[in-house]
Amino acid sequence: MLKGWARKMAEPLLRIEALHIVAAENDARSVVDRVSFTLESGEVLGLIGESGAGKSTIGLAALGSCRPGMRVAGGVVSFRGSDLLRLDERGLRRLRGSKIAYVAQSASAAFNPALPIGEQVIEVAYRHGLLRRDQARAKALELFRELGLPQPETFYARYPHQVSGGQLQRAMIAMALCAGPELLIFDEPTTALDVTTQLGVLAAIAEVIRRYGVAAIYISHDLAVVAQLAQKIMVLRHGRCVEYGDAEQVIQAPRAAYTRELLAAQAPSAPLAALPALDPERPARLLEVEGVSLDYAKRSVLKQVSLGLEEGSTLGVIGESGSGKSTLGRVICGLLRPRQGRLRLGGETLPAGLDQRSREQLRAVQLIHQSPDSALNPRQKIGRQIERALCCFTTLNAPQRRARLRELMAQVELGVELLERYPAGLSGGQKQRVCIARALAAEPRLIVCDEPTSALDPLVAQGVLALLRRVQRESGVAYLFITHDLAVLRQIADRVAVIKDGDVVYQGALEGLLNDPPGGYIRDLLSAVPELRIGWLEERLERPAAGDNENVA
Amino acid sequence: MSIKHLTAAELVAAAGLCLFLACTLLAPWLAPYPPDQVVGFSWAAPSQSAWLGTDNLGRDLLSRLIWGTRISLVVTLAAALIAFALGVLLGFIAGLRGGWIDQLICRCSDVVMSIPTLIWALIVLSLLPKTLPMIILVLGLIEANRVMRVARSLAMDISTQGFVEVARLRGERLRWILWREIFPNALTVLLAEFAMRFIFIMLFLSALSFLGLGIQPPTPDWGGLARENKDGIIFGVWAALLPGLALACLAVCINVIVDGVLSRRSTPGARPRVPGLSAALPVSSAVDVQAADAEGVGEKNG
C-alpha cells in the first residue's frame, strides 16, 4: 500500500505519453503524432504552432476529450495517475470542471446569452456539489475582484451581451477557477482581443496562476504571449513536437530551424526589405478623404475624418476594434455612404454610392477582405472568380484572359492547377493570394486592404505581406492598409493614420509615431504589444502607462 | 454516384418514389379500370377483380388511387414550382435590395400571412372557378409567401459575405448577384425547404379536396378519396385510410431522398464532412427554416 502511495506521489500532475490522434476518416492522417510531456503543479506549459498543428487537439486530450471525426490511436493521458483515455463518461465528468478546467478562445461563444454571467460562473462548483450556492457566489465575487472586473456585485447579475469582450474573457477565467481546479487549459484566450485588452487579460491570468498555484497549458500561436507565462514551451508542427524545452532556451537559443523561423516572423523590428524610397518631389495625391462622417443608428462612427494617400504608397490605418477603421475602408470602396464629406480620387470627385461610380472608378478601387474564406464564393471555381473580374474590367477575349489568368497566378506565386479548384480545396494563405490576384486583375490604382493578414498564421502572413510589397514595387498600386497590429504596420506602411473612436488622432510618418508617440492612447497601444522576451509582462505591469486604469477597469 | 453508395433506407425510398412516379406517368396503363367505372357493390372487400376492394359507389379503389396519385402529384408539383420560383425571386430581391422594396414585399406578405392559409384558400376558391389551373395558382401563391421568408433571410445572410461585396464592387447587375453568387450558396437550404414544402402543399391540397373545394369529383385525388369513403369507417371499411397511407409513404420517401442528397452535397472541393461540424450554413437562416416548419406543422394540426 505504501508502495502504491509512493508511486502516486511520484506521478506528475499530468503526464501525456506518446499521444497519437488520427483523423477517423479513411485516410488515417495523424493529427497529433506521438507527443509526450509532463506537467507538475504550478507549472505552465506553452503550446505553440500554426493552425492545424494539433495544439487544441492536445489541449482537449488533456480533458480526455476528442473532437468529432478524430480518434485517439494510442498513448497515455494520465492525470494524477488515472488514465483519462480509459475513464468512462461519468469518471470524466467528475474530473472536468472541478479538477481540470478549460478556457476557450471565444468567450462570447462559450457563454449562454440567456443566463446571467454569475450563474454560469458558479454552475460547475455548485452542480458538482463542491460548494453551496452562497459559498460559490462568494467565491465568484472574490474571483471577479481579483480579476479586476468592475463592481463585482452588478457584474454577477449582468448578461453576456452587456459586457465587453475582455471582461467576458475574464469572467470565463473566473468560471474555470471557481471550482478550484488543479489544471487549467487556456486555448488562445487572448487571440480575439485588442492588444490593450489583451494586456489586462494576460496580467489577470499571470496573477491567478501565481496566486492559486495551478498548473496550466497555454495554447497560442503568439510566442511573445506564451513567453510571458510559460516555464516550458513546446513547438508543434503538423502534429509533431518540433522542439520542447525551457521557455528561456526555446526563445533565446532555439534548436529547431522551424522555431527560428517563427521567432524571426514574430520579431521583425525592421522592414524585411527596404521600402522603395519615395521620389524626392512629392508624388501626386491619389486619394483624398475630406471631412467624412458616418453614423450607425445615431452613434457616430466616423467624425470628420480627413486623410490623404499618395500614388504608389501605403497608408497604414491603425486602431482598436470598433474604432471605425474598417468603416472608413468601406466608405472609400463605396459600400457605405457617409453622412457628409467628400472623396477625391486622382483629383476627381469619387461619388459616394457604387451605382454612381463609373466603370473606370470601380476598376480603380479594389478591396481585399480580412477573411479570405468569406471573400471567395465557395461554389465557384477559383479560375472563374478571377476571370469574372477580367471580364468586367478589361476588354480581353477568352484566350487572352486565360493567358492573363496564368500571369496573375504567377504574380501571386500560386500554381496554375489551383484555377480548377474550389475555395475549400485551398489553404487560408492560398485563398488570400487568390483574393489579391482577383483585385490585381482589375489593374487598380488603389487597393483597400482590410486586415488581410490578421486571419492568417504568422509565417503565412509574412509571405502575404512580402507579396503585397513586391506587387506594389512592380505595379505602383497604392494601399490603404487597415490593421490593428503594429508589427504589420512597421513592415508595410510609408505613412500612418491612427484612429480612435472615429477620430484621426495622428497622421504622419511611421518613424514619428514610433519615436515620439503623441498622446497617451498611442503610447498605450505601442507599449501593450507583447515583446518577445521573458519578464516583459512583469516589467510592463510595474510601470503602468497612462490610461492603464481604464483598460484594467 | 453509383447505387452502391446508397444506404438501405435510401434504396427503399428511391424505389417508393419510382412507384409514385410510375403511377403518375403511366396511370392509364397501370390502373386495371378507368377511374369512374363501377365494378361491383359499394365497399366490397378486396377480391381477385378488385385488389383493394371498391369505394362508396362500387368503383375499383386501386384504380382510383393510381389515378388520384397522378392528379395529386401533378397539382402539388406545379404548385410547389410556382411557390419556389416566385418565393425565391421575391425573397432574394427583398433580402438583397433592402429599403423600400423589402418593406413593400414584406408588408404585403404580412397581410397575406395574417389570414390563415386555409381560410384564404376557402375564400378565394369559393369565389373563383375551381378548375385545376386555378387551384394550382392559389396553392402556389399562398405557399410562395412562406418560401419568400426563408429565401429573404438566406439572401440577407449571404449578401453580407465578402464575395457578394466584391461582386457589388465589380458593378455586377442584380441578376448576376442573385443567380451566380447567392443562389448556389442558398441551394442546400432551399432543397431541404422544397422537400418539406412539397409535402405541406400536398396535405393542403388534400385538405381542400376533403372539404370539397379542391379537385372536384368525379376526378379522383387523395383528399377526395378520403372524403368519399369517410363514412365507411363506421362500418369497418378502411378505404378512407388508404390515401393517408399513400401520403405518409410519399412524405417519408421524399424526405429520405432529399436528406441523402443534402448529406452528400458538402461544399465542393472540401473533405468529406465531419459529423458534428455543421456546414457553412448561416445560423439565422437555419433557425428561420425551423420556425417556418414549426409554424406550418402547427397550422396543419390546427
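Helices (DSSP runs of H or I, at least four residues) and strands (DSSP runs of E, at least two residues) are numbered from the N terminus. By this rule chain B has 10 helices and 0 strands, and from the N terminus on its elements run α-α-α-α-α-α-α-α-α-α. The structure is a predicted model, in which local features need pLDDT of at least 70 and side-chain atom pairs count only at pLDDT 80 or more, while totals for chains, interfaces and linings use all residues. Residues are numbered from 1 along each chain as its sequence is written, chains are lettered from A and ligands numbered from 1 in the order in which they are written, and side-chain values use heavy atoms, with hydrogens and water left out.

**Chain B**

A residue is called buried under 20% relative accessible area, exposed over 50%, and partly exposed in between (1.4 Å probe, protein chains only). Of the 302 residues of chain B, 46% are buried. A contact means heavy atoms within 4.5 Å. Among the contacts in chain B with a separation of 6 or more, 73% come from residues 24 or more positions apart.

**Helix H8 of chain A**

Helix H8 of chain A covers residues 165-178. The expected span of a helix is 1.5 Å times one less than its number of residues. For the 14 residues of H8(A) this gives 20 Å, and the end C-alpha atoms are 20 Å apart, which agrees. H8(A) is mostly covered, since 12 of its 14 residues are buried; among them are Leu168(A), Met172(A), Ile173(A) and Cys178(A). Just after H8(A), Gly180(A) takes a positive phi of about 65°.

**The interface**

The contact between the chains takes 26 residues from chain B and 30 residues from chain A. Buried area is the accessible area (1.4 Å probe) that two parts lose on being put together, summed over both. For chain B and chain A this area is about 2,500 Å², 53% of it on carbon and sulfur atoms.

A polar contact is a pair of N or O atoms within 3.5 Å; within protein, one must be able to donate a hydrogen and the other to accept it, and residues adjacent in sequence count only if both atoms are side-chain atoms. Across the interface there are 11 residue pairs in polar contact, both residues at pLDDT 80 or more. On the side of chain B that touches chain A, helix H6 (162-169) and helix H7 (174-211) of chain B each supply at least two residues.

**Salt bridges**

Side chains of opposite charge can pair when their charged atoms come close. A salt bridge is a side-chain nitrogen of Lys or Arg within 4 Å of a carboxyl oxygen of Asp or Glu. The structure holds 42 salt bridges over all chains, and the count between chain B and chain A is 2.

| Salt bridge | N to O distance |
|---|---|
| Arg330(A) and Glu165(B) | 2.7 Å |
| Arg388(A) and Glu172(B) | 2.6 Å |
| Asp83(A) and Arg86(A) | 2.2 Å |
| Arg211(A) and Glu146(A) | 3.3 Å |

The pair of Arg211(A) in helix H9 (residues 195-212) and Glu146(A) in helix H6 (residues 133-146) of chain A links distant parts of the chain, 65 residues apart. Arg211(A) is partly exposed because its relative accessibility is 48%. Another pair crosses between chains, from Arg388(A) in helix H16 (residues 382-393) of chain A to Glu172(B) in the loop between H6 and H7 of chain B. Glu172(B) has 11% relative accessibility and therefore counts as buried. Salt bridges that share partners also join Glu146(A), Glu207(A), Arg210(A) and Arg211(A) into one network.
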